[in-house]
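Here is my short note on this model. Please read it with the structure open.

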Amino acid sequence: MNSRLLTLCPLLLAGLLASVICVAADGGHVHCDMRWQTTHGGAGNYSGECLNGKPDGQGVMRYDNGGHYTGAFKNGMREGQGVHVLKKGTRYSGGWVNDVRDGEGILTWPGGGRYIGSFRNNVRDGQGTHVWANGSSYTGGWKNGKKDGYGSITHADGRKGFPGPWRNNEPVR
């Protein structure tokens, strides 16, 4: 007989205070529906897999401010692949490590701009393409969120702009 255990689990995790409803499942993971609040005033609801009272596996985090995250969690943090949508429409789909954007991803803004490429520690870092809402683009290297390394501009009308090295968001001439 596979019985399920329903319990109320208090949770204090990385500044999150939550009440958790846990339903036991095989393999140590349980399904949780929880209400959480950060020490910085953020709050919301989580529904998904948990391990040891923390989000772990696939789940959905809905923030009271209107945003939401759907994807993988590990030890209470976003880890793996997921989609985070902010209230005003900014959307990130891609890799997460230790609760920050890391790896390959796509970041889109409500006004029509987007970035497709590498992230490290929550900023553009590595190779990627930023397309502005007007259709102009930069393709090349990024470091700490700024154009850095070899890259080139393409204007919205198709004309090629500066191709060459960039440092700290500026072309090196």
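**Notes on the fold**

1. The protein has 0 helices and 15 strands. Helices (H or I, at least four residues) and strands (E, at least two) are DSSP runs, numbered from the N terminus. This is a predicted model: local features need pLDDT of at least 70, side-chain atom pairs count only at pLDDT 80 or more, and totals for chains, interfaces and linings use all residues. Residues are numbered from 1 along each chain as its sequence is written, and side-chain values use heavy atoms, with hydrogens and water left out.

2. Of the 173 residues, 39% are buried (under 20% relative accessible area, 1.4 Å probe, protein chains only).

3. Beyond four places in sequence, Met-61 touches Trp-36, Asn-45, Tyr-46, Gly-67, His-68, Tyr-69 and Phe-73.

4. S6 and S7 (residues 77-85) run antiparallel, joined by 6 bridges. Strands pair if DSSP finds at least two bridges between them. His-68 stands opposite Val-85. The hairpin has 2 residues between its strands, and Asn-75 takes a positive phi near 55°.

5. S7 also runs antiparallel to S8, again with 6 bridges. Val-85 has Arg-91 as its bridge partner there. This hairpin has 5 residues between the strands; Gly-89 in the turn has a positive phi of about 105°.

Definitions and conventions
Contact means heavy atoms within 4.5 Å. Buried means under 20% relative accessible area, exposed over 50%, partly exposed in between (1.4 Å probe, protein chains only).
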